[in-house]
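Here are my notes on the model, point by point. Please read them with the coordinates open.

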Amino acid sequence: MAENLGTVLPVYVVADESASMTPVVDELNAGLTALHRALLRQPMAAAKVRFSLLGFSDTVEVRLALADLRTESALPVLSTRGATSYGAAFQALLEGIPEDVGTLKEQGYAVFRPAVFFLTDGQPTDEPDWRETYRQLVNPETNRAAPNIIACGVGEAKARTVLDIATRPEFAFVATPGTELGLAIAEFGVALTRSIVASAVSAVAGKTELVVERPESFVMAVDVV
Amino acid sequence: MSDRLGAPLVIGTPVAEFEPRPPTVRGYRPDLAADGWSTAGFAVRAASVRGYQHRHDGTPRQDDFALAWHPSTDALVLAVADGVSGADLSHLGATLACRTAVEQLLRLLDGSPAPDPDWREVLRCAGWALVEYAGQQADSVNSAAEWAERRLASTLVAAVVLPGPDGTARALVARVGDSSAWVLDGGGWAEVFGGGAAGGVVTAAVTALPRVPAEVAGAVVDLPAGAVLLVGTDGVGTALGDGTGPVGDALAAGLAGRPSPVQLAHLLDFSRETFDDDRTLVAVWPLPPPEPEPAAAVPAAAAADPTADRRAAAELIAAGLSPEELAIAGLADAGADGGGAGAEAEP
């Protein structure tokens, strides 16, 4: 058995890189940079986060895998391309998460239930095919490392779809109509940071599985439906 | 043990270095607490240190412990608690839970030298202490339990340790939540409450006072001579794991020399990445019987050993001697409970 190194929280940011994200991708990248900086100010929380960054359109690009952000000088940059295949994104998580959990365990870590932050600005182009892959991903009976998914809808995203992706209603956020999209994404970045830090702190105490803070200009998707 | 008590013992990769921030909630709580003493039957050492995360955040140490000696039975009573981090005054809850449990167990010992604790009742009392405190703070009596759960919630593990023959002892232990107990015997660690779930991802829910499980299973642990009983919070338990890693080795090595309370606090304050929770550990060493005493008619020799004095005095009292007669025997002050200084009385 490997040396007991403690418990870590795998965090996956899964970002829509479809062509319609072009106007906001710079702001999303800036948000991720802010997240990186904020995490470095929380060295103990950062030590317990393993960060993966996935961009999806027709296919999935793994931009960063199980990274310790303390050792990354800068986060990779997201770009835009192609259509919006949710199925490709969830398939990548379905295959990647159990593998990552196995890797961490081999290294000697215990693993908290992974957290996925799913950011999309539009409707999937593979409706309804993605739903079966999604069901397999979040079913703890068949996937022991089934993640908590926090879904964040910006722009044209429909509240109903965002709610379908989030694993709990309180994990679903959509931008308030009229909010500047860039601002919404920047706030998402801050909320993301706080969520990661808060989750890791809770993980220390071992009392809760996940804490999500609501950004001010976001409203609960339930409120909008 | 490090010569430099100012620097923590590093095990593997250290946590980041920083200056601790002051706690920002009410209710004074020092960064660390340490205690320790010996009786005829036991040596005990206890320490509780604030976790690196709490030092970084300006959160108080939410762990606590309490110790007591029960003179007529020479039993040791102890409790360890870990305030739930989400409850902002859980450091107070931890203190209330520990002290109440110890008081309840001392009363049981008053009634019986070989108690069989109704653990659920003991734990309910500890939980009630939180609710009662909450009742003084909450807006209405009806909301006290809810207030207590929201702001004072704490785990608890409590134990009575009874001396046995030839340096052995028997410990009665029970708990609410994930604080635990271990037996360290010849370098090997055995957890009293069995291991956690294997495989899968870590689930982090914990039971805490003022909730008490419907059924509480107390454990009975027979300590062989030379073994050490350890009772601690999960800040120790998660780092220790099954005891076969470097943390288990470091703690076993540090405990082998029966450290002073300050040394135990330093040992517990080890720096190891990802392990930044509060840590509390109480260690109990059952003591072997003293060497056979020299001729009983030589008080000056007996006076060199205060515990021997107390036993000798107890025997004389049992034999019906008056305090004056004890004074003649040179044991007057030693006859008083806890009067260790009396050993210096001249005949």
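1. Start with helix 3 of chain B. Its buried residues are Trp119(B), Val122(B), Leu123(B), Ala126(B), Gly127(B), Ala129(B), Leu130(B), Val131(B), Tyr133(B) and Ala134(B). Keep in mind throughout that this is a predicted model. An α-helix has 3.6 residues a turn, so residues three or four places apart point the same way.

2. Next, strand 6 of chain B, residues 169-176. Of its 8 residues, 7 are buried, so the strand is largely enclosed by the rest of the structure. The cut-off behind this is 20 or more other C-beta atoms within 10 Å of a residue's own.

3. Strand 6 of chain B pairs with strand 5 (residues 156-163) of chain B. The two run antiparallel and are joined by 8 bridges. Leu156(B) of this pairing stands opposite Val176(B) in strand 6 of chain B. Leu162(B) has Arg170(B) in strand 6 of chain B as its bridge partner. The two strands form a hairpin, with 5 residues between them. In the turn, Asp166(B) has a positive phi of about 60°. That residue deserves a look.

4. Which strand does Ala171(B) bridge to? Its partner is Val221(B), in strand 9 of chain B. Strand 9 (residues 219-223) of chain B runs antiparallel to strand 6 of chain B, and 5 bridges join the two.

5. These pairings belong to an open sheet of 5 strands in chain B, in the order 3-4-5-6-9, with antiparallel pairing. Strand 3 (63-70) and strand 9 of chain B stand at the edges. Each has a single partner strand, so one side of each is left without a neighbour in the sheet. On average, neighbouring strands of this sheet are turned by 15° against each other, direction ignored.

6. Helix 4 of chain B also holds Glu146(B). Is Glu146(B) buried, exposed or partly exposed? It counts as partly exposed, because it has 13 C-beta neighbours inside 10 Å. Glu146(B) and Val49(B) are 97 residues apart along the chain, and their C-alpha atoms are separated by 29 Å.

7. Now chain A. It has 7 helices and 8 strands. Of its 225 residues, 50% are buried. Among contacts in chain A between residues at least 6 apart in sequence, 75% join residues at least 24 apart.

8. One helix pair in chain A is worth checking. Helix 3 (residues 86-107) and helix 4 (residues 130-138) of chain A pack at an angle of about 25°, with their axes 8 Å apart. They are therefore roughly parallel to each other. Their crossing is left-handed. Helix 3 of chain A makes the contact through Tyr86(A), Gly87(A), Phe90(A), Gln91(A), Leu93(A) and Leu94(A). Helix 4 of chain A contributes Trp130(A), Thr133(A), Tyr134(A), Gln136(A) and Leu137(A).

Definitions and conventions:
Residues numbered from 1 in each chain as written. Chains lettered and ligands numbered in written order. Predicted model: local features only at pLDDT ≥ 70, side-chain atom pairs only at ≥ 80, totals over all residues. Buried ≥ 20, exposed ≤ 12 C-beta atoms within 10 Å, placed from the backbone. Helix = DSSP H or I, 4+ residues; strand = E, 2+ residues; numbered from the N terminus. Pairing = 2+ DSSP bridges. Axes fitted to C-alpha atoms, helices over the stretch in contact; angles between N-to-C directions. Parallel < 35°, antiparallel > 145°, perpendicular 65-115°, else oblique. Left-handed = near helix turned anticlockwise from the far one by under 90°. Contact = placed C-beta atoms within 7 Å.
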